[in-house]
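I'm opening a notebook page for this one.

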Amino acid sequence: MPPITSIADLRALARRKVPRAFFDYADAGSYNEETLRANRDDLMKVKLRQRVLVDMSKRDLATTIVGKPVPLPLGLGPVALSGMMHRDGEILACRAAVKAGLPYTLSTMSICSIEDVAEAVGQPFWFQLYVMKDRGFVRSLIERAKAAKCSALVLTVDLQVLGQRHVDVKNGLSVPPVIRPHTLLEMIGKPFWSLSMLGSKRKTFGNLAGHVKGMEGVRSLAHWTATQFDQALSWKDVEWVKSVWGGPLIIKGILDVEDAKLAAKSGAAAIVVSNHGGRQLDGAPSSISVLPKIADALGSEVELLFDGGIRTGSDIVRALASGARACLIGRAYAYGLGAGGEAGVAKAIEILGKELDVTMALAGLESVRKIGRAALAD
């Protein structure tokens, strides 16, 4: 096998190893995938200044995210069903992030539970929260995150209803998979994945099973969303979540300047400029196209994180130059997870870190903390 040199290589390997339903779940966007494509296309349109004969012998890639020192301006964002990309995927991804000194975000819709990850890793991580109709259950999730010593709560606000991903419907996505002729053929074709999953800690939604009456056998993210996600969610609910949590709150899913201002007023420690990876409102603008506007509107009022299409180190520089403090990755590490478990996630982090370092050297950028609009070509 040729050496892995890029996130694209990890994607290709994951595609060979992971059953189609779960690879497609991580890879696809909603409806016509206009926003999914725009995230990448618009990032690549942002051009960097090439600078020469600048002393680059002491480059500094370190910064802080929500007050915590990190060696790279990078964090692992929430990816639902990570435990179906690889056995115990959430645990392995968290371990890789912790070893790299980066934050990891556990999804509400994870396979391994909050307690599973906390016990296995033994280090703080972030927890991503969806607000459901059952506020008692939401409160219990927050309390469980506190008990697990999660260091930040990431509140996702752009998924009151689920944007349809056509491939999920066509693949009959379920957790665990329902054994039908096509899924059986898929499993036979992915023997290493199938054998590995036999020894997984869990095979359903770990944060839900045994905690939600009537949902013990939930198999479908779409079913859970349709029955439980609260379409009446408002800024008052953000205040309630913040009061129950009591720690650093990160609001994820902001794509509009007015919403960004409201999020800043809510007392959030950080805002994630994100369109849910092109998986929700199709036809929404790319994350990178709105980032500069939000950064200009808020100034230093609140920390801005960026999510949406990061595949290279130069993408990270583009986001930092457009106003972000740091970036969150989703698909990039999910591909690594599918390709090689913990080692694959570590490889994804390594690839992005090395590309970031080289990009900074060639662009004459000494410190990630000083990257601004001057790094962009006219």
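Below are my entries, in the order I looked things up.

**Entry 1: helix H6.** I'm working on a predicted model here. I started with H6, which runs over residues 135-147. I get 13 residues and a reach of 18 Å from the first C-alpha to the last, close to the 18 Å expected at 1.5 Å a residue.

Next I checked burial along H6. Phe137, Val138, Leu141, Ile142, Arg144 and Ala145 come out buried. Looking down the axis of H6, I find the buried residues within an arc of 160 degrees, so they line one face of the helix. Gly136 and Ala147, on the other side of H6, are exposed.

Then I looked at the two ends. At the start of H6, a side-chain oxygen of Asp134 comes to within 3.1 Å of the backbone nitrogen of Gly136. Just after H6, I noted Lys149 with a positive phi of about 65 degrees.

Entry 2: Glu33 sits in the loop between helix H2 (20-27) and helix H3 (34-45). I have Glu33 down as partly exposed, at a relative accessible area of 23%.

Val66 was next on my list. Its phi is positive too, about 50 degrees, although Val66 is not a glycine. I place Val66 in the loop between strand S1 (63-65) and strand S2 (68-70). Buried or exposed, I asked of Val66? Buried, with a relative accessible area of 17%; the cut-off for buried is under 20%.

**Entry 3: cavities.** How many cavities of 30 Å³ or more does a search of the whole structure find? I count two.

The largest cavity has a volume of about 420 Å³. I list 29 lining residues for the largest cavity, and the closest to its centre are Pro78, Val79, His276, Arg279 and Gly330. H2, strand S10 (326-329) and helix H15 (331-362) each give at least two residues to the lining of the largest cavity. By class I get 14 nonpolar, nine polar and six charged residues in that lining.

For the second largest cavity I have about 50 Å³ of space. I wrote down Tyr130, Val131, Thr156, Leu159, Gln160, Phe229, Asp230 and Leu233 as the residues that line the second largest cavity. Sorted by class, this lining has five nonpolar, two polar and one charged residues.

Conventions:
Residues numbered from 1 in each chain as written. Predicted model: local features only at pLDDT ≥ 70, side-chain atom pairs only at ≥ 80, totals over all residues. Heavy atoms only, no water. Helix = DSSP H or I, 4+ residues; strand = E, 2+ residues; numbered from the N terminus. Expected span 1.5 Å × (residues − 1). Buried < 20%, exposed > 50% of the residue type's maximum accessible area, 1.4 Å probe, protein only. Arc of directions from axis to C-beta. Polar contact = N/O pair within 3.5 Å; in protein donor to acceptor, adjacent residues only side chain to side chain. 1 Å grid on protein atoms, 1.4 Å probe; cavity = no way out; pocket = protein on both sides within 12 Å on 5 of 7 lines; lining within 4 Å. Points joined across faces, edges and corners; volume = space filled by probe spheres on them. Nonpolar A, V, L, I, M, F, W, Y, C, P; charged D, E, K, R; others polar.
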